[in-house]
Amino acid sequence: MRHIDEPNLPSWIRDAYETLEAEYASGIDELSRTDAEEILLAEDGNIEEEADAVYVIDRLLDRGWLYEVNDRLRKTE
């Protein structure tokens, strides 16, 4: 569940989430962390280094926008 009582995420992280959300909308229920990082590096103009992709995924997990089960990332409904 998204934490609505916390400050908003920076716009570049929300943009990265939208990039991942498009993957989920294509019928994929879960992504490996590696796949998610590769998607962000390939598709999101704000993500230029692997460290940026890792940071984004960690923030999205911390805030409840994504959750992880058995090393697979799933979108919070």
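Predicted model: local features only at pLDDT ≥ 70, side-chain atom pairs only at ≥ 80, totals over all residues.
Local features need pLDDT of at least 70 and side-chain atom pairs count only at pLDDT 80 or more, while totals for chains, interfaces and linings use all residues. Residues are numbered from 1 along each chain as its sequence is written, and side-chain values use heavy atoms, with hydrogens and water left out.

The strands form an open sheet of 3 strands in the order β1-β3-β2, with antiparallel pairing. Helices (H or I, at least four residues) and strands (E, at least two) are DSSP runs, numbered from the N terminus. Two strands pair if DSSP finds at least two bridges between them. The edge strands are β1 and β2, each pairing on one side only. From one strand to the next, the twist averages 35°. Axes are lines fitted to C-alpha atoms, for helices over the stretch in contact; angles run from 0 to 180 degrees between N-to-C directions.

Antiparallel strands β1 and β3 are joined by 3 bridges. Here Glu 30 has Arg 74 as its bridge partner, and Leu 31 has Leu 73. Strand β2 (residues 66-69) pairs with β3 over 4 bridges, also in the antiparallel sense. Leu 66 stands opposite Lys 75 in β3.

Helix α3 lies across β2 and β3, at about 95° to β2.

In α2 (residues 33-43), Ala 36, Glu 37, Ile 39 and Leu 40 are buried (under 20% relative accessible area; exposed is over 50%, partly exposed in between; 1.4 Å probe, protein chains only). Seen down the axis of α2, its buried residues fall within an arc of 160°, so they line one face of the helix. The arc is that of the directions from the helix axis to the C-beta atoms. These buried residues pack against α1, β1 (30-32), α3 and β3 (72-75). Contact means heavy atoms within 4.5 Å.

Helix α1 (residues 11-25) packs on α3 (residues 50-62) at an angle of about 85°, with their axes 10 Å apart. The two helices are therefore roughly perpendicular (65 to 115 degrees; under 35 is roughly parallel, over 145 roughly antiparallel, the rest oblique). Trp 12, Ile 13, Ala 16, Tyr 17 and Leu 20 in α1 meet Asp 52, Tyr 55, Val 56, Arg 59 and Leu 60 in α3.
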